[in-house]
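Hi there,

Here is the structure I promised to pass on. Have a look at it first, and my notes follow below.

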Amino acid sequence: MQIKRYEVNNLREAMAQIKKELGPDAIILSTKKMTGSPLIEVTAARDNGLDLAASLDKAVGKNFPRQDDDIRNLTEEISGLKSSIDLLTQKVFQQKNMLNETMDVLWERFASGIKDHLYDVYVKLVENGISRSRAANLVETIKNEFPSESCDTYEKGTRIAEKLIARSILKDDQKERRIKAFIGPTGVGKTTTLAKLAAHYSLDKKLKVGLITTDTYRIAATEQLKIYAKIMGLPLDIASEKKLFDRSVAKFSDKDMILVDTPGRNQYDEGSLKSLKNTLDTSVETVLLINPSVREEYLVDTAEQFKMFDYHRIILTKVDECRHLGLMYDVLDEIRKPVSYVTTGQNVPRDIEKASPERLARMILQN
Ligand SMILES: Nc1nc2c(ncn2[C@@H]2O[C@H](COP(=O)(O)OP(=O)(O)O)[C@@H](O)[C@H]2O)c(=O)[nH]1
Ligand SMILES: [Mg+2]
């Protein structure tokens, strides 16, 4: 019998080495956890014609851990570890929430130390959905940087807060590109917004517009755009992959503007996002659509998922359904991309407005 010891990081690594050196009939005699790296020590043996398992049982008694026991033990250990990790993650989240709550109380206390009418401004900002920390920072800036007579009433303070918010929102002064693709989560309003803008560019600006959809996953999605294209008398091409997309772009060489609709697929499906990214080359302007009515974490998450597109600007959709536009301020501050339009209803082509920092600030403060 040949016995060998292996120091490895996992069982799979051990099995590969054992199979290579001792052959496919070798068996594992024991595994032992070690401190540090490598993580485990595995002892294996090769049978030389004898019934190895039987002779081992005989030689060391039934107490000797066999392969099945080892795997069972390891499985138990792994599931134990998993539970510990879950518990730890839960605790971290709880602590984070507690910390946030404590910070909120501190900000609250800090803000209440500020003079009456400025505290009212702070309360309004928070009521409108702005986080306590940003709201407290805004009133603190008003207090410190503006002469007291310029903010000695609630109205004056609110006006200055609006100005400060506008100042901190990015201006959309980048050049527009000829090909624009609308990306974003399912149902955010890509197809509807594209139709609104197609009408704006072709009817108001008298540009020659071509439409492409890469959304070939749902028949209804293509039909929806076909109807809009027909009503507006605009050509629509369907391109399910890069080659067809490039062909459509070449076909529309006489167009001033090409608007591209993209699939409403699960944003967490990284494969389909990558294939979309591959279809749209770098000359295409990508516009991320987000709906500020959804939870802040989801918004930040969306922005993160679509980061691979290095999107140029944002369109905020369904602001008519958003009760606390202040949330938008926090998110914009986080994403740092300019907003080109906001959409304000289901009506095509009417419900869309050009965005500007001043307009957004007014919306945030007046809800
Ligand atoms: N209230 C409201 N609904 C909108 C707005 N934009 C789109 N919608 C609706 O949202 C739904 C999904 O829109 P759609 O364009 O198909 O989303 P897509 O999956 O991203 O293409 C439709 O019922 C639209 O009418 C908007 O600005 N406000
Ligand atoms: Mg769509």
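Accessible areas here come from the Shrake-Rupley method with a 1.4 Å probe. On that basis the protein chain exposes about 20700 Å², and carbon and sulfur atoms supply 52% of that area. Please keep in mind that this is a predicted model.

On the overall picture: the protein chain has 13 helices and 11 strands. Of its 367 residues, 40% are buried. Among contacts with a separation of 6 or more, 73% are between residues 24 or more positions apart.

One helix pair may interest you. Helix α6 (residues 154-168) and helix α13 (residues 357-366) have axes that come within 8 Å and cross at roughly 135°. The crossing of α6 past α13 is right-handed. From α6, the residues T158, A161, E162, I165 and A166 take part, and they meet P357, E358, A361, R362, I364, L365 and Q366 of α13. By type, the residues of this contact comprise 7 nonpolar, 2 polar and 3 charged.

I also looked at N10, which sits in the loop between β1 (2-8) and α1 (11-22). Its relative accessibility is 37%, so N10 counts as partly exposed. N10 and E41 are 31 residues apart along the chain, and their C-alpha atoms are separated by 9.2 Å.

Technical notes:
Residues are numbered from 1 along each chain as its sequence is written. Chains are lettered from A and ligands numbered from 1 in the order in which they are written. This is a predicted model: local features need pLDDT of at least 70, side-chain atom pairs count only at pLDDT 80 or more; totals for chains, interfaces and linings use all residues. Side-chain values use heavy atoms; hydrogens and water are left out. Helices (H or I, at least four residues) and strands (E, at least two) are DSSP runs, numbered from the N terminus. Buried means under 20% relative accessible area, exposed over 50%, partly exposed in between (1.4 Å probe, protein chains only). Contact means heavy atoms within 4.5 Å. Axes are lines fitted to C-alpha atoms, for helices over the stretch in contact, and angles run from 0 to 180 degrees between N-to-C directions. A crossing is left-handed if the near helix is turned anticlockwise from the far one by less than a right angle, and right-handed if clockwise. Ala, Val, Leu, Ile, Met, Phe, Trp, Tyr, Cys and Pro count as nonpolar, Asp, Glu, Lys and Arg as charged, and the others, Gly among them, as polar.
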